[in-house]
Amino acid sequence: MTLRMIEHPSPNHEPRPEGAVVEVLMLHYTGMRSGPEALARLCDPAAIVSSHYVVEEDGRVFRLVPEALKARHAGISHWRGHSALNATSIGIEIVNPGHEWGYRHFPAMQMAALADLCLEILARHPIPARNVVGHSDVAPDRKQDPGEFFDWQGLAANGIGLWPQRDGPAKGDPLALLGRIGYRTDLPLDVLITAFQRHWRPEEVNGLADAGTLARLQAVAALAEA
Ligand SMILES: [Zn+2]
């Protein structure tokens, strides 16, 4: 599949800090009623938000900010001991109304285009699989995107991000396991578990460190440290 890239420049960018290396790929949903509405906001100088790319539900890909520049998508964010992740990340906004406006499944055309785009980005930058994250992973107390309908497992099957082949033992300290994966650990456990479940255990997002969640935590932690 060939990406249909549409240039749609946003003024909301800055230089990356001197010497910054792009090592995080961050996925979002737009959380607005329509794609055009989201594009307008991400290009509005008064909104001061942006992303590098927007992927529409029909698979069209819009380029808003060149990868060499810093876009404004992450906000206050933490992963694997790093913070303020706009400086070192590439952000992709995936059109979906989100939990506020009628969360729905991501169409196959959209996911296929997203996978192609991610693979191109991963070929250009030294981004480890454990640093392919959702907004909710890096801001668990503020964000829910891209959410439990997002097919992380399918992306991983295409070589994008981590997904375990089998669960680990259902034991261990959940907070320590979350920290080994990359989550900050100074938030309430149910908030962190909910973020983990949205990404790696979407079949039941309940905020509980139950046996199934512990087993999945162990498996993802092992992969993140491999
Ligand atoms: Zn987001």
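The residues that line the largest pocket divide into 7 nonpolar, 11 polar and 9 charged. Here Ala, Val, Leu, Ile, Met, Phe, Trp, Tyr, Cys and Pro count as nonpolar, Asp, Glu, Lys and Arg as charged, and the others, Gly among them, as polar. The model is predicted: local features need pLDDT of at least 70, side-chain atom pairs count only at pLDDT 80 or more, and totals for chains, interfaces and linings use all residues. Residues are numbered from 1 along each chain as its sequence is written, and side-chain values use heavy atoms, with hydrogens and water left out.

**The largest pocket**

- The volume of the largest pocket is about 600 Å³.
- Of its 27 lining residues, Thr-30, His-73, Glu-93, His-135 and Lys-143 are the closest to the centre.
- Strand E3 (24-29), helix H1 (35-42) and helix H2 (98-101) are the elements that give two or more residues to this lining. Helices (H or I, at least four residues) and strands (E, at least two) are DSSP runs, numbered from the N terminus.
- A pocket is an open set of points on a 1 Å grid over the protein atoms alone, where a 1.4 Å probe fits, with protein on both sides within 12 Å along at least five of seven lines; lining residues have an atom within 4 Å of a point. Points are joined across faces, edges and corners, and the volume is the space filled by probe spheres set on them.

**The zinc site**

- His-28 (ND1), His-135 (ND1) and Asp-145 (OD) coordinate the zinc ion at 2.0 to 2.2 Å. Donors are N, O and S atoms within 2.8 Å of the metal (3.2 Å for Na, K and Ca); water is not among the atoms, so sites may look incomplete.
- The spacing of the donor residues in sequence is H-x106-H-x9-D.
- Because His-28 lies in strand E3 and His-135 in helix H4 (residues 135-138), the pair ties together parts that are 107 residues apart in sequence.
- Both His-28 and His-135 are buried (under 20% relative accessible area, with exposed over 50% and partly exposed in between; 1.4 Å probe, protein chains only).

**The cysteines**

- The count of disulfides (pairs of cysteine sulfur atoms within 2.5 Å) is 0.
- The closest cysteine sulfur to that of Cys-43 is in Cys-118, 19 Å away, which is too far for a bond.
- Cys-43 is buried, with a relative accessible area of 15%, and Cys-118 is buried at 0%.

**Asp-186**

- Asp-186 is placed in the loop between helix H6 (174-181) and helix H7 (189-200).
- Asp-186 is exposed, with a relative accessible area of 56%.
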